[in-house]
Amino acid sequence: MIPRVHKRGTRTIGLINYLYGPGTHEEHIDPHLVAAWDSLAPDPGRDPDVTYRDLQRLLDQPVQALPKSRRPAEHVWHLSVRAAPEDPVLTDGQWADIARRMVAATGIAPDGDDATCRWAAVRHADDHIHIIATVVREDGRQARIRQDGKRSQEEARKIEVDYGLRRLNAGDGTAARRPTSAERHKAERQGKERTPREELREAVRRAVAGATGQEEFFDRLSAAGLLIRQRIAPSGDLLGYKVALPQDRNQDREPIFYAGSTLAPDLSLPRIRERWGGNGAEPDQGIDTPTSQVPQPTGPAAARRRATTAAWQAVLVIDHGDDAQAAAHIAAAGEVLDALAKTSAAHTRRELREAASAFERASRSHIRAERGHDRALRQAARELVYSGPALGRGEDGATTAMLIDMAFFLVTATAHWHGKKQHAQQAAAAHQAAEHLRTAYQSAAAQPMAALHQRGRHLSQPLQRKQVAHLRQAVPELAEQILAEPGWYALAATLADVESAGHEPTTLLAEAAEGRELDTAESVSDVLVWQLRRMADLPADATAMPQPNSNPTPPSAGLTAGPSTSRTGQPRKAR
C-alpha cells in the first residue's frame, strides 16, 4: 500500500472538482464517497441533488469561521492511498476503514478527539482513494500534522499486515517518483508497457553513464531523440534542464517536459555534476570530450574485460571500504549496468534492461557518495558505451557472460551492504536486479560454457589427471565437490589453457578462489572459470584457442543452471 501526501492547496473546490470529475484522461470511474468526518456528509457522486459546492462549503466551515487574519493560506490537505498492482480489489467498506486509519495516524482526525478536522475520502478507481481535508479543526486550532508522510507510511505497513496485502519495504525518501495514475492510464490506452516518466528516466540514466561533462551529457540526450529545455540564469549559467519525448503531448499538443529532479533525485543537474567532479574537474562543468576525440577501446570484448576488472575491484571496496566510498561505487555500478544493457545483444538485452531498472533504486541512499573513488567504474561504463553494440557470439558474447557473472557479484555485494545499513528498499531492489542478471547470464553463457565443457571432455587422460592434481593442491577443501560437478570439464579446460599461456595453474587457482565465497556454492567450477580466464588474460571464447590434444572422455551430463549460494544464504552466482 502506497500513501502519498500531496502539496497543500488553497482551493477546496478545485480538488473536489478533480476528484469527482472525469480525470485528466477520462480515467475516473464512478467517483463517490467511501467515508467522511460525518456519516451524513453529502456525496455529489451518488446524490443528484448534491453539488460540489455543497461538499466544499461543509469542509470549509471551520476555516471560514476564523477571522481572515487567522485563516491559513494553504488549508487544503490531500492524501492519496494506492494498493499494489497484485493486491485484491478492496471493497468500499475496506477503503473506508483504511481512510479512517490514515486520518487518525496523520493527525487529521485522531481517535477519541471530538474536535478534529473535516475530511472526506473519495474513490474513483478500483485501486486507490483520495482523502481531502481542511487543516483547521472544529475548535479553531490548526491540526498537528508534522511528519504526516512518515506516519502515513508507518500506518500503511500495519494495514498491509491486517489485510494480507503485499508488504512493501519502508522507504527513506530517496526513491524516484512513481508514475501518477493519469500517466499509467495514458500509457495503457496507448498500448505502452511504460509511462513517459519511466522511459525518460532510463534515457537520462543512459546519457549519464560514463559521461564526463555537460556538453557530452546533452549531446547524448539529443542523440537519444529527446526534446531538451535548459534553465539558464541571467548570468548565463546553466541551472537545470527538462526533457520530453517528442510524441508525448498534452491536450494543447505541446510536449510534456519533466525536470531531471522529478525523474529521480540523483538526476538533477547539480547531482549529476557531482559525478563529473570525480574526474578532477570543477563539479559544475566536468571535462567535456568531443565524441570524435573519445579514446576508442579495441572493441566491445576489450571494454567488457576492463569493466569486469573494475567491477571486481568495486566488490572489494563495497565489502571492505568505508561507507562514502562504497556508496560512490554502488552509484557507479548503476552506470555500468545501464551501459551494458544499452550495448548488449538482443537475447540478453531485455533482462539486462530490467536489471538496470531494478538496480536504480539500489543506487541511492542517505549515505553521501565520495566521488572520485569510483573513477575506474565510471570509465568502464564510458568504454562500454563508446565500444558500441556487442555481438551475441564469439568473444563479444563470451566476455558479456564474463561481465554479467561479475556484475552479479557486484549487485549481491550491494544488497548485502544495504542490508547491513537497514536500507530495506535498496536491498530488495538489488536482489531483484540479481535475479534478472541470473537470467541474462544463463542466456549469455550457454554457448561459451558449452564450448568449454566440450573442450574439457576432449582433454587426454594424463592431462585431466594433471588438472585434478592442480585442483587438489590449490583448493583441497573443495576439490571433491568440484570434481562431482558437471562444470568440472569447463574448469579443467581452463586450467589447461592457463598452463599453456605460461601461468602456474595451482597458484592462480588458489588466488582465484581466495576472494570468493565458495564454501557453499552450488557450482564452484563455473564461478572459477571466468575468474581464471580474466586473471590469465585468456580468450573468453574457448573456440579461439587450439585444443591441447584430442583424447575424448566419455560424455557427461550437461551444464547445470542454478545459482550458487553465499554463506549469508543469498544467491551469489547465476548458473
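1. Among contacts between residues at least 6 apart in sequence, 73% join residues that are at least 24 apart. Please keep in mind while reading that this is a predicted model.

2. As for the overall make-up, the protein contains 20 helices and 10 strands, and buried residues account for 55% of its 575 residues.

3. Turning to the aromatic side chains, the count of aromatic pairs is five. One of them joins phenylalanine 217 to tyrosine 241 in an edge-to-face arrangement, with 5.5 Å from centre to centre and 85° between the planes. Because phenylalanine 217 belongs to helix H7 (residues 214-223) and tyrosine 241 to strand E7 (residues 238-244), this pair ties together parts that are 24 residues apart in sequence. Both phenylalanine 217 and tyrosine 241 are buried.

4. Phenylalanine 218 also forms an edge-to-face pair with tyrosine 241, at 5.9 Å centre to centre and with 80° between the planes. This pair likewise links distant parts of the chain, since phenylalanine 218 is in helix H7 and tyrosine 241 in strand E7, 23 residues apart. Phenylalanine 218 is buried, as is tyrosine 241.

5. Which residues do ring pairs link into a cluster? The cluster consists of Phe217, Phe218, Tyr241 and Trp276.

6. A contact involving a charge deserves a separate mention: the charged end of arginine 229 sits over the ring of phenylalanine 257, 4.0 Å from the centre of that ring.

Key. Residues numbered from 1 in each chain as written. Predicted model: local features only at pLDDT ≥ 70, side-chain atom pairs only at ≥ 80, totals over all residues. Heavy atoms only, no water. Helix = DSSP H or I, 4+ residues; strand = E, 2+ residues; numbered from the N terminus. Buried < 20%, exposed > 50% of the residue type's maximum accessible area, 1.4 Å probe, protein only. Contact = heavy atoms within 4.5 Å. Phe/Tyr/Trp six-rings, centres within 6.5 Å; stacked < 30°, edge-to-face > 60°. Lys NZ or Arg CZ within 6 Å of the ring centre and 35° of its normal.
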